[in-house]
Amino acid sequence: MKKFLKIVLAAALLFAVCVPAWANRPPMTRAQHNRNKAYNKNYLPPGWQYEAGYAVWRMNRKAPLNRNTYRRYKNDKAWHSKMRRYYRPQELALNTVDWTVEEVAFFLDRYQDLLKFHPAGFE
């Protein structure tokens, strides 16, 4: 019985010492919260279930509403934005905003045979 009493008293003493330290901990600042979000792969923003883009993405793929599909949606969204950002043919040839009329005419004359439609089996 003495051993049990010692364990209970030690636990009570430990609890009495630790509780004020837990109670005096300052609240998390916004910067700490954002830094923790960057390192926590399991963090999901509040209201992630109701995001409109996610709902449309799920309906197109007939996917269930869960954390894994939301992560797939975010990865897919990042991939698509990266593909639009680094689309090299658009940077080289299709961005004609800066071109003058003479440059466009020279391009069309130079590459006219590349722009023709060749059906399958044409030799």
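A polar contact is a pair of N or O atoms within 3.5 Å; within protein, one atom must be able to donate a hydrogen and the other to accept it, and residues adjacent in sequence count only if both atoms are side-chain atoms. The model is predicted, so local features need pLDDT of at least 70 and side-chain atom pairs count only at pLDDT 80 or more, while totals for chains, interfaces and linings use all residues. Residues are numbered from 1 along each chain as its sequence is written, and side-chain values use heavy atoms, with hydrogens and water left out.

Start with Thr69, which is placed in helix H4; helices are DSSP runs of H or I with at least four residues, numbered from the N terminus. A polar contact of 2.5 Å joins its side chain to that of Tyr54. A polar atom of the Thr69 side chain also lies 2.9 Å from the backbone oxygen of Pro64. Thr69 is buried, with a relative accessible area of 3%. Buried means under 20% relative accessible area, exposed over 50%, and partly exposed in between, for a 1.4 Å probe and protein chains only. Not counting residues up to four places away in sequence, Thr69 touches Tyr54, Trp57, Arg58, Ala63 and Pro64, where contact means heavy atoms within 4.5 Å.

Tyr54 leads on to the core. The largest nonpolar core has six residues, namely Leu44, Trp48, Tyr54, Trp57, Tyr70 and Tyr73. Such a core is a set of buried Ala, Val, Leu, Ile, Met, Phe, Trp, Tyr and Cys residues joined through side-chain atoms within 4.5 Å. Two or more of the core residues come from each of helix H3 (52-61) and helix H4 (67-85). With neighbours within four places in sequence left aside, Tyr70 is in contact with Leu44, Pro45, Trp48, Glu51 and Tyr54.

The aromatic rings come next. Rings of Phe, Tyr and Trp (its six-membered ring) pair if their centres lie within 6.5 Å; planes under 30 degrees apart count as stacked, over 60 as edge-to-face and the rest as tilted. The structure holds eight aromatic pairs. In one of them, the ring centres of Tyr54 and Tyr73 are 5.5 Å apart and the planes are at 50°, so this pair is tilted. Tyr54 lies in helix H3 and Tyr73 in helix H4, so the pair ties together parts that are 19 residues apart in sequence. Ring pairs link Trp48, Tyr54, Trp57, Tyr70 and Tyr73 into a cluster. Arg58 sits over the face of Tyr54, at 5.3 Å from the ring centre; the rule asks for CZ of Arg or NZ of Lys within 6 Å of the ring centre and within 35 degrees of the ring normal.

A salt bridge is a side-chain nitrogen of Lys or Arg within 4 Å of a carboxyl oxygen of Asp or Glu. By this rule the count comes to one. It joins the side chains of Asp76 and Arg61 at 3.0 Å, N to O. Asp76 is in helix H4 and Arg61 in helix H3, so the pair ties together parts that are 15 residues apart in sequence. Asp76 is buried at 19% relative accessible area, whereas Arg61 is partly exposed at 39%.

The loop between H3 and H4 holds Lys62 and Leu65. Phi of Lys62 is near 55°, a positive value in a residue other than glycine. Lys62 is exposed, with a relative accessible area of 75%, and Leu65 is partly exposed at 44%. Leaving aside neighbours within four places in sequence, Leu65 is in contact with Trp48, Gln49, Tyr54 and Arg58.
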